[in-house]
Amino acid sequence: MDSRGQALNAPLIDRRAARRASSRAAGSYAGAAVLAREVETRMLERLQYIKLAPARILDAGSGEGHGAGHLARAYPEAQVLGLDFAYPMLQAARRRDHWLQRVFKRARIDLLCADFAAVPLPAASVDLVWSNLALHCAGDPQPALKELRRVLKLGGLLMFSCYGPDTLKELNRAFAAGDAAAHVHGFIDMHDLGDMLSACGYAAPVMDMELITLTYADVDALLADLRASGQVNVLAARRRGLTGRGAFSAMRSAYEHLRRDGRLPASFEIVYGHAWKPQPRLAEDGRAIVRLEPPRARRA
């Protein structure tokens, strides 16, 4: 962390390019989001061990609404809000929502088109903020974490997953064998994310990670999956022209050295975190808040 509390080495993201990539992937995302579905399942399993009865849930970075649908079924009495910055994703979520209404006879999921660093909701209006594999898209997640804390009620829970530094390490090293340009995003370390949560005023942060490895028949299959799920290079410092055939040829050759049992590995470091919004200790003007408890009745 630097002196301003920002994450060191946080990649500068071209947010307009990220929105375009996500919008283009709206029609193909559901078929390519195998990893997102698996991580979503593991997050839901973790959520079962936390006592929570939310009245309002925000799915921040909801995509085409798969996670919001599961949250609606897990908490049938809650209002579920799906927020995404790509409108075509929300259109796909709306179609999914119509299906949920027909099958499960429940109230619709409300959808918001906005950035999760500028949530169009009042302060202290949400009991649970959920975000699956979305926070890393901000580059520096700290403004988003602050904003999500703003909309949480006191005692509310933030639960999220995002990519860690070892994500796509094989592809990154293979590209580096023949090209100095950045092709794979850098991702923030789990410990830095935990420090961010504390700096943003969350309480009792819990962080952990795991490495999930998918295998592919060839590099083109991996790249096709990444494009179909909107996970393309949107670094602000990316090369704006086409990558030459020589660079791709060198990358493919370097990646082939990793082939095992006829398959190529692709690693994804998944970082999980959750934390609570505590009672404030300072007023807005910086003065300490002192809470006086009523005296206990004395026994006769």
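The protein chain has a mean pLDDT of 87, and 85% of its residues reach 70 or more; pLDDT is the predictor's confidence in each residue, from 0 to 100. This is a predicted model, in which local features need pLDDT of at least 70 and side-chain atom pairs count only at pLDDT 80 or more, while totals for chains, interfaces and linings use all residues. Residues are numbered from 1 along each chain as its sequence is written, and side-chain values use heavy atoms, with hydrogens and water left out.

## The chain as a whole

The protein chain has 10 helices and 7 strands, where helices (H or I, at least four residues) and strands (E, at least two) are DSSP runs, numbered from the N terminus. Of the 300 residues in the protein chain, 47% are buried; buried means under 20% relative accessible area, exposed means over 50%, and partly exposed lies in between (1.4 Å probe, protein chains only). Among contacts in the protein chain with a separation of 6 or more, 82% are between residues 24 or more positions apart, a contact being defined as heavy atoms within 4.5 Å. Over residues 1-6 the pLDDT stays under 50, and for this stretch the model has 12 contacts beyond four places in sequence.

## Helix packing

Axes are lines fitted to C-alpha atoms, for helices over the stretch in contact, and angles run from 0 to 180 degrees between N-to-C directions.

| Helix pair | Angle | Axis separation |
|---|---|---|
| α3 (residues 34-47) and α4 (residues 66-74) | about 25° | 11 Å apart |
| α7 (residues 169-176) and α10 (residues 245-256) | roughly 130° | within 7 Å |
| α9 (residues 219-228) and α10 | about 110° | 10 Å apart |

Angles under 35 degrees count as roughly parallel, over 145 as roughly antiparallel, 65 to 115 as roughly perpendicular and the rest as oblique. From α3 the contact draws on R37, E40, L44 and L47, and from α4 on H66, G67, H70 and L71. By class, this contact of α3 with α4 has 3 nonpolar, 3 polar and 2 charged residues, where Ala, Val, Leu, Ile, Met, Phe, Trp, Tyr, Cys and Pro count as nonpolar, Asp, Glu, Lys and Arg as charged, and the others, Gly among them, as polar.

R37, which lies in helix α3, is buried, with a relative accessible area of 18%. Leaving aside neighbours within four places in sequence, R37 is in contact with Y29, A30, E64 and H66.

Helices α7 and α10 cross at roughly 130°, and that makes α7 oblique to α10. The crossing of α7 and α10 is right-handed, and the contact is made by E170, L171, A174 and F175 of α7 together with F248, A250, M251, A254 and Y255 of α10. The residues of the contact of α7 with α10 divide into 8 nonpolar, no polar and 1 charged.

Helix α10 also packs against α9, at an angle of about 110°, and α9 and α10 are therefore roughly perpendicular to each other. Here the contact is made by V219, D220, L222 and L223 of α9 and by F248, M251, R252 and Y255 of α10; the residues divide into 6 nonpolar, no polar and 2 charged.

## Individual residues in loops and strands

I188 is found in the loop between α7 and α8 (190-199), and at 8% relative accessibility I188 counts as buried. The C-alpha atoms of I188 and G164 are 5.7 Å apart in space, although these residues are 24 residues apart in sequence.

P205 belongs to strand β6 (residues 203-216) and, at 31% relative accessibility, counts as partly exposed. P205 and H274 are 69 residues apart along the chain, with their C-alpha atoms separated by 5.7 Å. Not counting residues up to four places away in sequence, P205 touches L197, S198, H274 and A275.

Two residues stand out by backbone geometry. Most residues other than glycine have a negative phi. L168, which is not a glycine, has a positive phi of about 55°; L168 is placed in the loop between β5 (152-163) and α7 and counts as buried at 9% relative accessibility. D261, also a residue other than glycine, has a positive phi near 55°; D261 sits in the loop between α10 and β7 (264-276) and is exposed, with a relative accessible area of 83%.

Technical notes
A crossing is left-handed if the near helix is turned anticlockwise from the far one by less than a right angle, and right-handed if clockwise.
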